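Subject: Structure handover

Hi,

Here is the structure I promised. Please look it over before reading my notes below.

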Amino acid sequence: MKRIALLGATGSIGLQTVDVIRNHSDEFELYAMAFGRNLEKASPIIKEFRPKLVVVQDENTLQQVKSEFPELQVRLSLEGMYEAATHDQVDVVVNAVMGSVGLSATLGAIEAKKQVAIANKETLVTAGHLVMDAAHRNQVSLLPIDSEHSAIYMCLNGEREKDANKIILTASGGSFRDKTRAELEGVNVEDALNHPNWSMGAKITIDSATMMNKGLEVIEAHWLFDMPYDNIDVIMHKESVIHSMVEFVDKSVMAQLGTPDMRVPIQYALTYPKRLELPDTKTLNLVEIGKLHFQEMDMERFPCLRMAYEAGRQGGTMTTVLNAANEQAVDLFLKGEISFLTIETLIEKALEQHSIVHQPNLETILAVDEETRKRVISYVK
Ligand SMILES: NC(=O)C1=CN([C@@H]2O[C@H](COP(=O)(O)OP(=O)(O)OC[C@H]3O[C@@H](n4cnc5c(N)ncnc54)[C@H](OP(=O)(O)O)[C@@H]3O)[C@@H](O)[C@H]2O)C=CC1
Ligand SMILES: CC(=O)[C@@H](O)[C@H](O)COP(=O)(O)O
Ligand SMILES: [Mn+2]
């Protein structure tokens with residue numbers, strides 16, 4: 001029985017992880033869970049699984065949980081997530097919170113030598129060198145949940161690291177794939193949240209529409225698979241059937257395919273190296289699909305992807321700024337305070353105005369993150 005600490009339990013990945021745990025209750029126990037403020041979603045999970053420890057984002061939510069579940073141990077905020085992630089009864093930490101707020105829990109879990117299943121890509125973008133250094137020191141392997149990285153992990157299974165030549169990430173194109181830049185002028189939040197293939201949380205759905213999601217995934221792949229940026233390609237593949245590919249030194253290419261269902265990579269990260277049945281997911285029917293399409297990425301149409309490659313190549317705190325500026329700008333867009341195209345303008349400005357710090361420690365990363373968010377707000381208020 002694996003005891004799981006699930007961070008971000010009320011989100012899109014969190015709820016699908018709960019589903020996986022429910023379907024394999026003989027293999028997994030939900031020992032601890034963290035969420036923000038969504039008690040409506042958290043309450044039924046607590047009732048069903050009776051976790052030993054629950055972490056919430058603020059005092060008000062903490063009081064509500066305590067009054068509904070007086071016997072529960074409830075903790076607050078970042079310290080609480082750290083406690084859940086490092087708890088001596090926990091075997092596996094699933095990090096499915098949104099944003100760089102997940103960083104200290106990831107680092108804590110690694111130092112505590114937990115198995116870490118990571119959906120929280122912002123952790124790797126903001127501080128990939130710290131996370132990977134901790135993982136190597138503690139001999140902890142990070143099991144990716146992000147669909148592309150799970151696909152790459154599967155393609156590399158049993159291969160020698162040095163035989164992999166290139167990673168090819170596929171991009172769906174998001175909600176505005178077929179729009180020109182001029183047509184993006186008038187788009188609204190509702191349109192942007194309408195992803196063609198995946199049902200996901202709001203922030204990542206906007207990232208997908210700006211193509212920043214793929215940019216973050218390029219940086220995530222760089223750290224997870226120790227691959228230089230020049231050897232990571234992105235291609236447009238609108239069907240999201242091929243989740244990603246690896247080209248080897250002999251030009252053989254391995255791809256991982258499946259219908260878009262995040263429970264597949266979530267479950268694989270929990271069961272690796274074995275697999276378990278996933279009965280209610282759709283079988284891939286290539287004959288029904290008929291054709292798969294591929295297209296080169298246009299860096300002028302998708303400047304967020306260009307900025308992510310540039311920030312990744314510059315390294316140091318540039319990716320911290322990229323991530324924090326993006327999180328802040330997307331938040332402003334979701335609140336209706338800026339237009340869709342202003343997201344990329346704000347990120348570009350924050351990157352231009354930042355003086356890089358090389359090999360930043362955790363303190364510097366947290367400071368740059370906070371300062372960048374404030375700066376982005378100051379550009380519009
Ligand atoms: N959704 C998907 O299919 C995919 C997601 N990912 C990645 O997985 C991560 C999660 O994405 P997704 O599930 O879509 O996001 P959601 O927005 O759906 O969920 C985010 C979760 O994090 C919680 N949360 C947010 N801030 C805090 C905080 N300060 N303290 C505690 N909990 C917090 C939320 O709580 P509450 O709602 O209660 O406030 C919620 O449970 C992201 O990094 C995303 O990029 C990667 C690949 C696919
Ligand atoms: C499901 C998943 O992993 C998302 O990150 C997905 O990749 C979004 O798709 P695009 O960013 O390709 O639109
Ligand atoms: Mn992805």
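Glu148 sits in helix 7 (helices are DSSP runs of H or I, at least four residues; strands are runs of E, at least two; both are numbered from the N terminus). This is a predicted model: local features need pLDDT of at least 70, side-chain atom pairs count only at pLDDT 80 or more, and totals for chains, interfaces and linings use all residues. Residues are numbered from 1 along each chain as its sequence is written, while chains are lettered from A and ligands numbered from 1 in the order in which they are written.

Glu148 is buried, with 28 other C-beta atoms within 10 Å. Buried means 20 or more such atoms within 10 Å of the residue's own, exposed 12 or fewer, partly exposed in between, with C-beta atoms placed from the backbone. Glu148 touches Leu169, Thr170, Glu217, His243 and Ser244, not counting residues up to four places away in sequence. Contact means C-beta atoms, placed from the backbone, within 7 Å.

Now the annotation. UniProt, in an unreviewed entry, places a "binding site" at Asp146, Glu148 and Glu217. They span 72 residues in sequence, yet no two of their C-alpha atoms are more than 8.4 Å apart, so they gather at one spot. UniProt positions follow the numbering used here, feature names are shortened, and annotations may be inferred rather than shown by experiment.

Asp146 lies in the loop between strand 7 (142-144) and helix 7 (147-156). Asp146 is buried too, with 28 other C-beta atoms within 10 Å.

Helix 7 is mostly covered: 9 of its 10 residues are buried. The cover includes strand 8 (164-171) and helix 10 (212-225).

Best wishes

Note on methods: Contact = placed C-beta atoms within 7 Å.
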